[in-house]
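Hi everyone, thanks for coming. Let me walk you through a structure that may be new to you, and please have it open while I talk.

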Amino acid sequence: MSDFPEFTVRVDQNPYLPAGGREMHAIVSVEARSSGGPGPVADGGRAPAAEIIMIDTSGSMSYRGKMAAAKRAARAAVNVLRDGVHFAVVAGANRPRMVYPQGERLVRADAASRRGAVDAVGRLEAAGGTAIGSWLRLADRLFTGHDAVAEGAVKHAILLTDGKNQHESDEELDAALRQCTGRFLCDARGVGTDWNVAELRKITSVLLGGFLDVPDPADLEADFLAMTRAAMSKQVADVTLRVWTPQQARLRFIKQMVPAVEDLTGRRGASGAQTGDYPLGAWGDENREYHLCVEVQPGDVGRQMRAAWVKLVAGDQVLASGNVIAEWTDDEARSTRINGRVAHHTGQSELAEAIQQGLEARREGDEDTATARLGRAVVLAREVGNEQISGLLDKVVDVVDPAHGTVRLKRDVAKADEMSLDTRSVRTVRTRHGDEAGG
């Protein structure tokens, strides 16, 4: 266990509630830092790993240079796999097939196997359709059926597609996701503009990964390198956020806020009479932030209580912990003070929701709702300091009054711009505004 990074937990909140108050909000910031401090992690500190690269080889990949770019990206990813990692490359179409190695198995990475995989990737051709659930099922068989993959290994997959999941039903994809939940992590990329944002969001949400749009195929290589290096840097495979609440209290919600907005509330696994476990996936040197809201029974003025006890857990080891406190007061100045970090992340969460609702209304032809929600998003993006989202909104609406959210929908919006805004709506940024608010 000494190879684990050092975890720390920081809780930001206003602990004071008015008489009769029930709802307590807090931001839980978690940081993991290797014992050697910032910088690259030595091989000895990294968790054992297995990696599967799934490349869409459907017929549409033959257009606009996507297949050639995907080959370059896959070769680049293979070449940064560290020695000893077990890996495979899979071609995805109506049915998946093994590209390297031959047969349903993983192979240990070394100079020879990396060369073999690079050569095999170079022979890929585009043909067929898209059935992503079948790709995921193959990845699950590879991860679970390989005896050499050590217990506690980081099992990570990269999925690239350029199209919608047209050759299997939604029910088949959902069944595949249920099968794969908790068994491996998956990051996904959509190249071009013909894939479905909601599909990749669902896949990566269930499999504790992230997804992004790659409008220009030329950007795939750098993106694959970044994903693979991030996976190779993980030091602990499965971290859980364990939340205890007192009797007659209720955890109303828990959301990841950094690096992206993700509602974790429905992922609760019971671990005791008053505790719930929320899976967080693999960790390396990084930090993430969570917004939790607890509803407690009101107490007498002057009473202080622990409203929640949060722990970071890996296996049987508690890595770090922190307390959320509630104290009732008749001092209005104390009870009405809004914690800056809570306010910042509440705005980030509302921003993501407003964008997604506005874009959905726009697609359905409801211009009034689209205008109202995207106008609200313009206001929120300015308030939380999310300049990237502000720039993407400018491509979808003409901003008349940014302070009040007065906007007009643009008539001609590039599909790539709309997809970028939808995809990146949940990705938060650390801004000076947010950092100062935490002070």
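Where pLDDT is low, the predicted coordinates should not be read in detail. For the protein as a whole, the mean pLDDT is 93, and 94% of the residues reach 70 or more.

So, some ground rules. This is a predicted model, with residues numbered from 1 along each chain as its sequence is written, and local features need pLDDT of at least 70, while side-chain atom pairs count only at pLDDT 80 or more. Totals for chains, interfaces and linings use all residues, and side-chain values use heavy atoms, with hydrogens and water left out.

Now please find the largest pocket. On a 1 Å grid over the protein atoms alone, a pocket is an open set of points where a 1.4 Å probe fits, with protein on both sides within 12 Å along at least five of seven lines; lining residues have an atom within 4 Å of a point. The volume here is about 1200 Å³, taken as the space filled by probe spheres set on the points, which are joined across faces, edges and corners. Helices (H or I, at least four residues) and strands (E, at least two) are DSSP runs, numbered from the N terminus.

Pro 259 has something else to show. A cis peptide bond joins Val 258 to Pro 259, with omega about 15 degrees, and Pro 259 sits in the loop between strand S12 (250-258) and strand S13 (262-263). The bond from Tyr 100 to Pro 101 is cis too, with omega near -10 degrees; Pro 101 is in the loop between strand S6 (97-100) and strand S7 (107-108).

Next, helix H11 (residues 415-424). Why is H11 described as largely enclosed by the rest of the structure? Because 7 of its 10 residues are buried, that is, under 20% relative accessible area, where over 50% is exposed and anything in between partly exposed (1.4 Å probe, protein chains only). Among the buried ones are Glu 418, Met 419 and Leu 421. Their cover includes H5, strand S10 (211-214), helix H8 (340-363) and helix H10 (387-393).

Staying with H5, which spans residues 197-206, look at Ser 205. At 18% relative accessibility, Ser 205 counts as buried. Beyond its neighbours within four places in sequence, Ser 205 is in contact with Glu 262 and Arg 267.

Let me finish with two contrasting places. Cys 186 is buried, with a relative accessible area of 0%, whereas Gln 248 is exposed at 66%. Gln 248 lies in the loop between strand S11 (236-244) and S12, and its phi is near 70 degrees, a positive value in a residue other than glycine.

Technical notes:
Contact means heavy atoms within 4.5 Å. pLDDT is the predictor's confidence in each residue, from 0 to 100.
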